[in-house]
Amino acid sequence: MVVSGLSVVIPVFNGARFVEEAVDSVLAQSAPPRELQVCLINDASTDGSDAVCRQLAQRHRAVEYVVLPGNLGVAGARNEGIRRARHEYLAFLDQDDRWVPDKLALQGAVFAERPDTSHVLGMQEFFLDGVSDYPRWVRAEWKTGPQPGYVLSALLIKTERFRRIGMLDEAYRYSDDVDWFARARQAGGAEAMLPGIVLERRLHAHNASALAARASHELIHVIKAKLERQR
């Protein structure tokens, strides 16, 4: 199935070295959507991201470039893109990751076969870039092979459905996707997890080394919020 129209949200913060490759992976899909909108949301970067994003917007008609007046964090940047999304389907991609060429073909086929599907995910694979070994904060299972991609960059969903579940909680700096998936499951609907790889995640020297500890602290609040919603 060829997706009719797709809006892709890519938050950018000091990602000048990576963002062009991320955008290229969206534009190089084997089953491109009939209409495409790529929202590059610059979250007050201080490197050369602005120049790279402006060049991408000039080069590709599908790319829309937005500069935020201040740093909102990844959830805030994503929410700005979600508000601007104008097509039937919605997807995300982090600035330093990339989609595999068949991501949309694989996930679009699920919606064609099972129109009642809430959202479609797929496997994620990790690769090293510029480092010789995995950072200490990497989970042990990430080293063993592809893992289920419970992350927004592996998601394909109808825009209306995403908005109905709710925007991302900007109080979370690292766990906004975990919180959203918890709310999505509580909202019901059929989730599909494909056995094939749809996302390649880059591990590099500038990944936040303290991410694991900070995210763990936020996860306590995610779990608490989930329990409160179930009362």
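Which residue just after helix 6 takes a positive phi? Gly188 does, at about 85°.

1. **Basis.** This is a predicted model, in which local features need pLDDT of at least 70, side-chain atom pairs count only at pLDDT 80 or more, and totals for chains, interfaces and linings use all residues. Residues are numbered from 1 along each chain as its sequence is written, and side-chain values use heavy atoms, with hydrogens and water left out.

2. **Overall make-up.** The protein chain has 7 helices and 9 strands. These are DSSP runs numbered from the N terminus: helices are H or I with at least four residues, strands E with at least two. Of the 231 residues, 50% are buried. Buried means under 20% relative accessible area, exposed over 50%, and partly exposed in between (1.4 Å probe, protein chains only). The accessible surface comes to about 11,000 Å², and carbon and sulfur atoms hold 50% of that. Such areas come from the Shrake-Rupley method with a 1.4 Å probe; for residues, only the protein chains shown count as cover.

3. **Contacts.** Take the contacts between residues at least 6 apart in sequence: 83% of them join residues at least 24 apart. Contact here means heavy atoms within 4.5 Å.

4. **Strand 6.** Of the 13 residues in strand 6 (residues 117-129), 11 are buried, so the strand is largely enclosed by the rest of the structure. Strand 6 pairs with strand 9 (residues 190-204) in the parallel sense over 11 bridges. Two strands pair if DSSP finds at least two bridges between them. Met123 stands opposite Ile197 in strand 9. Strand 6 also pairs with strand 8, antiparallel, over 2 bridges. There Val120 stands opposite Leu156. Strand 7 runs antiparallel to strand 6 as well, joined by 2 bridges. Gln124 has Gln147 of strand 7 as its bridge partner.

5. **Strands 2 and 3.** Strand 2 (residues 35-42) and strand 3 (residues 63-67) are parallel, with 5 bridges. Leu40 stands opposite Tyr65 in strand 3. The chain crosses from strand 2 through helix 2 (residues 49-59) to strand 3, a right-handed β-α-β crossover. Right-handed means that, with the strands pointing away from the viewer, the path from the first strand over the helix to the second runs clockwise.

6. **Aromatic pairs.** The structure holds 6 aromatic pairs. Rings of Phe, Tyr and Trp (its six-membered ring) pair if their centres lie within 6.5 Å; planes under 30 degrees apart count as stacked, over 60 as edge-to-face and the rest as tilted. Phe92 and Phe162 have ring centres 5.4 Å apart and planes at 45°, so this pair is tilted. Phe92 lies in strand 4 (residues 89-92) and Phe162 in helix 5 (residues 159-165), so the pair ties together parts 70 residues apart in sequence. Both residues are buried. Tyr150 and Phe181 have centres 6.5 Å apart and planes at 85°, so they are edge-to-face. Tyr150 is partly exposed, at 37% relative accessible area, whereas Phe181 is buried at 3%. Ring pairs link Phe92, Tyr150, Phe162, Trp180 and Phe181 into a cluster.

7. **Charges over rings.** Arg98 lies over the face of Phe127, 4.2 Å from the ring centre. Lys103 lies over the face of Trp99, at 4.3 Å. The test asks for NZ of Lys or CZ of Arg within 6 Å of the ring centre and within 35 degrees of the ring normal.
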